[in-house]
Structures are given as C-alpha cells and as structure tokens.
Amino acid sequence: MQNPVRQIHQALNEIGALDQCRLVAVSSLYSSAPIGGVAQPTFINAVAQIETSLAPAELMRTLLNVEIAHDRVRTIKNGPRTIDLDILLYDDLQINEANIVVPHPRAHERAFVLLPLLELDPELYIPGRGGARELAALVRDQIVRRLAKEESGLL
C-alpha cells in the first residue's frame with residue numbers, strides 16, 4: 001500500500017543528498033482533496049526550499065528522475081501518483097518553455113501550495129501573480145489541513 005508521508009520524506013532525503021542541491025527548509029505536511037475529478041485518496045503535500053547550482057531545466061529533469069525512482073507513471077492527467085515533484089518558483093525567474101513553466105502555472109490557484117509556501121516565507125511574492133498571502137485569501141474555500149506532528153512522521 002502507498003504511504004505518501006513516507007514517500008515525501010524519502011524524496012526530500014534524496015533531493016537533499018544530491019551534490020548540486022542543498023535542502024534549506026521544508027514546510028509542514030498538508031492534506032488536501034485531489035483536484036481534477038479523478039477518484040483517488042487524499043493528497044499529502046509539502047513545499048521544500050532548496051539551493052541549487054542546477055539551471056531550472058536541469059533541476060526539472062533531476063526531479064523527474066526522483067519521481068521515476070518512486071515509480072511515478074503518468075497515465076491519467078491529475079490521476080493517482082506515487083509522488084509529484086514540481087518547481088514552484090526559481091528565484092524571481094519567469095520561464096515559459098515546452099518542458100518547464102516557472103512560476104508553476106497553477107500555484108497561485110491552490111491553497112495546498114500557497115499555505116506551505118507562506119509557512120516558509122510569509123512575505124512571499126509570486127512573480128507575475130502577486131503576494132502569496134493575498135492569493136491565499138482568494139482560495140480560502142479550498143479545504144487544506146496541516147498535519148499534526150504525529151501524523152507527519154516528525155515526532
């Protein structure tokens with residue numbers, strides 16, 4: 001059976017162990033209902049801040065390799081997955097290329113992204129979109145719950 005909390009911790013450990021990346025901070029874990037209409041279990045989400053010497057496209061390829069190592073298979077859009085790693089922001093860059101869009105094109109619409117981002121940086125500004133605090137107020141109807149320490153494996 002899948003264990004999303006364990007998978008997130010393992011992926012974070014793998015990202016932190018990369019020579020080109022340093023894990024700076026990790027948000028709490030949050031649960032949220034899936035988006036997209038495909039029946040599946042509740043999602044567990046988190047945001048990590050990393051420092052990296054990788055360019056955005058290289059970082060995306062590296063994250064996709066971590067997903068593959070976790071048996072991620074892309075068969076159904078917004079469907080069930082073992083893990084989903086995205087680049088939400090990369091400094092203040094705005095990138096719109098075939099394989100990478102930064103800031104993430106829907107980050108500003110999703111409470112499960114904005115709340116952990118705000119936990120790491122209460123004054124965060126999303127380039128081209130605005131302040132994360134103001135954006136979070138626009139999606140406050142989305143049900144997102146911060147997991148307690150005993151639920152998140154952080155005892």
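Buried residues, in these legends, are those with under 20% relative accessible area, whereas exposed residues have over 50%. The views are taken from a predicted model.

**View 1. Helix H1 along its length.** Helix H1 spans residues 4–17, which makes 14 residues, and from its first C-alpha to its last it reaches 20 Å, close to the 20 Å expected at 1.5 Å a residue.

View 2. In H1 the buried residues are Val-5, Gln-7, Ile-8, Ala-11, Leu-12 and Ile-15. These residues lie on the same side of H1, because they cover an arc of only 160° around the axis. In an α-helix there are 3.6 residues a turn, so residues three or four places apart point the same way. On the face of H1 that is turned away from the buried side, the exposed residues Asn-13 and Ala-17 are found.

**View 3. The surroundings of the buried side of H1.** Packed against the buried residues of H1 are strand E1 (21–26), strand E3 and strand E4 (48–52), together with helix H2 (56–69) and helix H5 (149–152).

**View 4. An open sheet of three strands.** The strands of this sheet follow the order E3-E2-E9, and their pairing is antiparallel. Strand E3 (43–45) and strand E9 (144–146) each have a single partner strand and stand at the edges, so one side of each is left without a neighbour in the sheet. On average, neighbouring strands of this sheet are turned by 30° against each other, direction ignored.

**View 5. The pairing of strands E2 and E9.** Strand E2 (residues 30–32) runs antiparallel to E9 and is joined to it by three bridges. Ser-31 has Arg-145 as its bridge partner in E9.

Terms used:
Residues numbered from 1 in each chain as written. Predicted model: local features only at pLDDT ≥ 70, side-chain atom pairs only at ≥ 80, totals over all residues. Heavy atoms only, no water. Pairing = 2+ DSSP bridges. Helix = DSSP H or I, 4+ residues; strand = E, 2+ residues; numbered from the N terminus. Axes fitted to C-alpha atoms, helices over the stretch in contact; angles between N-to-C directions. Expected span 1.5 Å × (residues − 1). Buried < 20%, exposed > 50% of the residue type's maximum accessible area, 1.4 Å probe, protein only. Arc of directions from axis to C-beta. Contact = heavy atoms within 4.5 Å.
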